[in-house]
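Here is a short briefing for a first look at a protein model. Please view the sequence and the structure together before reading on.

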Amino acid sequence: MARDHERAPDRRRSVPWLITWLVVGVAGLVGLLAAFPAVYPFYPEEWTINREEAVAIALERFTDLGPPVDDAFVVGHLSQSTLLETRLLRALPEADLGRLRDSLVARQVFDWQVKVYPPGARPYEWAYRARISPAGEVIDLQLRVPAEEPGGELATDVARQRAEEFLLAQGFDLAVFGEPQVRQRDLAARRDTSVRFPAAEAMLGPEVPYGFEVSFAGEELTGYQLFYDIPDANQIQASLQGVNLLSQGRIMVPFLLIP
């Protein structure tokens, strides 16, 4: 019995070590929470909806563009624009962080992406697509019309009027946008038209315009989406190759370690 007592660990000695590790863990957690906003300044502060709620919002709004798809396959997942986030980070030395965080373009870095597929469709053959912000704002609402489908054409003044009416019906305030810009593209069987509404705030400067674009396939309204023209996009993509490789490596490591 005496020998067993001598071999038994002294629990009194382990208590200080336990307290030390708890203090270190709490300090690390506090440091992580304090550093997170500085490392990820454009992470949404108001994350109010989950995936199921985003899908429900998208399905309801798709009816503004057309009838529901019978026996549809619905996909919803979280999406992040690393390109847009990197461009925003590059603007921070000159731009005010508070105003930049509240800008239209900064609210598009993270979103829920929802796609509706008809039976037997391939991955790129979605019928409807939407992007929903973490706060529930619909920032992309699209109906896909195949390029080979005929549809006529719209006069530019008619396209602009219909685009303005559609954005107003969707709840947008046209006063926050600049002068609309109409673009047209000829396809084999129709002429597609897009009407861009650049954001007047222009937080990234005149060289990086952004805003909403309303699109038409021939005479058919196909929805709206966020647009942004980044002149140094190729340079940013090249700088992110290492990050993308690390992300892929993180996925592959478990498969290498398990055997």
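Where is the place of Q170? Q170 sits in the loop between α6 (156-169) and β5 (181-186). The model is a predicted one: local features need pLDDT of at least 70, side-chain atom pairs count only at pLDDT 80 or more, and totals for chains, interfaces and linings use all residues. Residues are numbered from 1 along each chain as its sequence is written, and side-chain values use heavy atoms, with hydrogens and water left out.

**Overall make-up**

- The protein has 8 helices and 8 strands. Helices (H or I, at least four residues) and strands (E, at least two) are DSSP runs, numbered from the N terminus.
- Of its 259 residues, 37% count as buried. Buried means under 20% relative accessible area, exposed means over 50%, and partly exposed lies in between, using a 1.4 Å probe and protein chains only.
- Contacts are heavy atoms within 4.5 Å. Among contacts with a separation of 6 or more, 61% come from residues 24 or more positions apart.

**Q170 and its surroundings**

- Q170 counts as buried because its relative accessibility is 14%.
- Leaving out residues up to four places away in sequence, Q170 touches R61, D64, L141 and Y224.
- The side chains of Q170 and D64 are joined by a polar contact of 3.1 Å. A polar contact is a pair of N or O atoms within 3.5 Å; within protein, one must be able to donate a hydrogen and the other to accept it, and residues adjacent in sequence count only if both atoms are side-chain atoms.

**The sheet**

- An open sheet holds 8 strands in the order β1-β2-β3-β4-β8-β7-β6-β5, with antiparallel pairing. β1 and β5 stand at the edges with a single partner strand each, so one side of each has no neighbour in the sheet. From one strand to the next, the twist averages 20°.
- Two strands pair if DSSP finds at least two bridges between them.
- β2 and β3 are antiparallel and pair over 5 bridges. V114 has A130 in β3 as its bridge partner.
- α6 packs on the sheet and touches β5, β6 (191-198), β7 (210-217) and β8. The direction of α6 makes about 55° with that of β6. Axes are lines fitted to C-alpha atoms, for helices over the stretch in contact, and angles run from 0 to 180 degrees between N-to-C directions.

**Strand β4**

- Why is β4 described as largely enclosed by the rest of the structure? The reason is that 6 of the 6 residues of β4 are buried.
- β3 and β4 run antiparallel and are joined by 5 bridges. R131 has D140 in β4 as its bridge partner.
- The hairpin of β3 and β4 has 5 residues between the strands, and G136 there takes a positive phi near 95°.
- β4 and β8 also run antiparallel, joined by 3 bridges. Q142 stands opposite G223 in β8.

- Helix α3 (residues 51-62) has 12 residues and should span 16 Å at 1.5 Å a residue; its end C-alpha atoms are 16 Å apart, which agrees. The expected span is 1.5 Å times one less than the number of residues.
- A54, V55, A58, R61 and F62 are the buried residues of α3. Seen down the axis, they fall within an arc of 135°, so they line one face of the helix. The arc is that of the directions from the helix axis to the C-beta atoms.
- Covering these buried residues of α3 are elements including β1 (73-80), β2 (110-117), β3 (128-132), β4 (138-143) and β8 (220-228).
- N50 caps the N-terminal end of α3, with a side-chain oxygen 3.2 Å from the backbone nitrogen of E52.
- Helix α4 (residues 82-91) has 7 of its 10 residues buried, so α4 is largely enclosed by the rest of the structure. These buried residues are L83, L84, E85, T86, R87, L88 and A91.

**Positive phi in loops**

- D71 lies in the loop between α3 and β1. D71 is not a glycine, yet its phi is positive, about 50°. D71 counts as exposed because its relative accessibility is 70%.
- A202 is in the loop between β6 and β7. A202, a residue other than glycine, has a positive phi near 45°. A202 counts as partly exposed, at 36% relative accessibility.
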